[in-house]
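Please look over the sequence and the model below.

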Amino acid sequence: MAFDASPSWSGFNYQGKVALYYVLSLINADTVGTDFSDRDLMLEDTEDFEILCNGNSVSIHQVKAYNSSSYGKYSDALLEITLELYKQPRVIGKIHTWKQINSKPNFQNLETSIKDDLKVILDQYRNTNPKDGSSIIEKAVSTDRNKPKRAAILAAALPELTATQLFDILNSIHNGQNNAVNRLESHLYKDDNRFCDLDTINDKIKSEISTALEARNITCTQEQLEKTFHYFLGMMDRYIIQRHKTKQQEEKISIAFNEIIEVLGTDHEDIGFEYLAYEFKNQFAHQIDEYISDPDDYTDPEENVLCNLKEASKFLLNLNPMDLWAYYRSFCPHIDLAHDNNTANAFATDLDGIRYVLIRILHEINFDRASHNALKYNFSYRTTISPYKNFLPTTITPTARVTQIERKITSNPNMCEALFEVENLIYSGLEPHAFYPTSMAHTEAPQAEDEDPRTKRDDILKLITLVPISTAKGVLN
């Protein structure tokens with residue numbers, strides 16, 4: 001099974017929400033009518049996000065959705081942002097987490113903990129005599145491409161230095177000659193906590209929206225609050241996806257504070273189907289968050305190995321909400337999700353199927369076997385050895401009898417096209433179950449003597465099999 005050392009599963013979802021909350025809190029800290037024309041929000045450039053004034057950084061922010069309070073889990077991120085603050089002497093730094101960061105054992109706070117990390121690196125270099133290239137500092141300035149993590153962080157932040165120069169810089173931060181560490185802190189929320197969990201961030205955003213609406217004398221009904229919240233989710237989602245597409249380009253895209261203020265002053269009309277799509281994407285990402293934070297489902301991966309779930313999530317969560325909904329429909333061959341009525345679609349959404357079946361499949365099945373058809377909104381897995389077989393991950397739970405599941409699939413008018421391509425449906429049942437999708441529709445004429453026995457590309461596959469996750473895993477991994 002593949003894993004990834006990076007735990008930012010749906011990090012961009014949490015990251016975008018934290019950034020939105022922070023900007024709203026800055027806007028609310030000033031009076032209505034304050035000129036914010038020089039302020040912008042930038043995501044995923046220098047750090048996870050930063051606040052710009054006339055194009056220059058005012059603050060830089062790391063966002064970490066780790067299900068841990070252990071200082072060691074955050075030490076690399078803290079080193080990275082400390083080095084960035086060294087290079088930007090007039091900027092403040094904040095780290096936002098959903099669990100409280102404990103201090104390093106036997107140390108009082110974050111500042112002394114970071115300084116001790118620096119001391120360990122400095123002492124190692126001092127005590128390496130002769131200089132044989134084994135210290136972190138020496139490895140950082142070497143030409144070796146396979147550097148240890150800390151050496152790679154130093155090399156990326158402070159390139160083209162000698163070991164002595166790098167030592168002097170780290171020493172200046174450690175002894176306080178440079179105040180980079182003093183300008184860094186865990187963000188303190190209004191509830192006096194220096195953390196915010198994955199559920200509470202939604203409430204905090206809505207609280208800031210409510211404050212902003214009331215300050216502008218806009219009636220803050222529950223409907224208006226929810227519509228504004230979902231509009232912001234859509235705005236952040238579109239921006240983050242666009243940033244991922246243009247990240248390697250020179251042109252940098254940011255969100256102006258005034259654009260956010262304009263949203264606050266708009267009486268949003270019912271955004272119809274898009275409203276459902278935005279809320280669905282929010283819920284979909286939340287189910288991934290829950291799965292990863294459950295130690296019975298997920299354990300921290302080994303270092304330098306890709307995570308199947310993260311790779312699949314990266315693909316799915318980088319889709320816009322409407323496209324994600326279309327992919328989700330293909331994961332639900334047993335549910336009709338094409339109602340004209342939004343309420344019917346919302347009630348038909350199976351969050352348990354996502355949480356306990358689909359996400360488990362995405363976690364356990366080798367992502368290298370994944371293939372997707374963007375035109376048909378189809379994400380599936382394919383074997384690498386002939387005869388090739390296709391496997392569709394689904395949300396099908398074993399709560400119903402397989403014969404009932406079969407009837408739901410064959411009667412779903414939106415499943416017909418998918419049955420042209422995929423002969424195996426991965427579900428959470430314990431036994432495989434094969435069925436003929438056309439058996440309930442009509443009776444086929446006997447095959448002619450000279451007829452090609454192979455299934456035509458425009459024919460529904462003759463046989464469909466419900467495949468247990470363990471069986472699919474064995475075939476595809």
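In β8, Y381 is the bridge partner of A370. Helices (H or I, at least four residues) and strands (E, at least two) are DSSP runs, numbered from the N terminus. The model is predicted: local features need pLDDT of at least 70, side-chain atom pairs count only at pLDDT 80 or more, and totals for chains, interfaces and linings use all residues. Residues are numbered from 1 along each chain as its sequence is written, and side-chain values use heavy atoms, with hydrogens and water left out.

β7 pairs with β8 (residues 378-382) in the antiparallel sense over 4 bridges; two strands pair if DSSP finds at least two bridges between them. Both belong to an open sheet of 6 strands with mixed pairing, ordered β7-β8-β9-β10-β12-β11. Its edge strands, each pairing on one side only, are β7 (370-373) and β11 (433-435).

Helix α15 (residues 402-411) lies across β10 (424-427), β11 and β12 (464-468), at about 40° to β11. Axes are lines fitted to C-alpha atoms, for helices over the stretch in contact, and angles run from 0 to 180 degrees between N-to-C directions. Helix α16 (residues 469-476) lies across β8, β9 (390-393), β10 and β12, at about 95° to β12.

Elsewhere, the axes of α2 (residues 71-87) and α6 (residues 163-174) come within 11 Å and cross at roughly 95°. The two helices are therefore roughly perpendicular to each other (angles of 65 to 115 degrees). T82, L83 and Y86 of α2 make the contact with I169, L170, S172 and I173 of α6, where contact means heavy atoms within 4.5 Å.

Key
Parallel < 35°, antiparallel > 145°, perpendicular 65-115°, else oblique.
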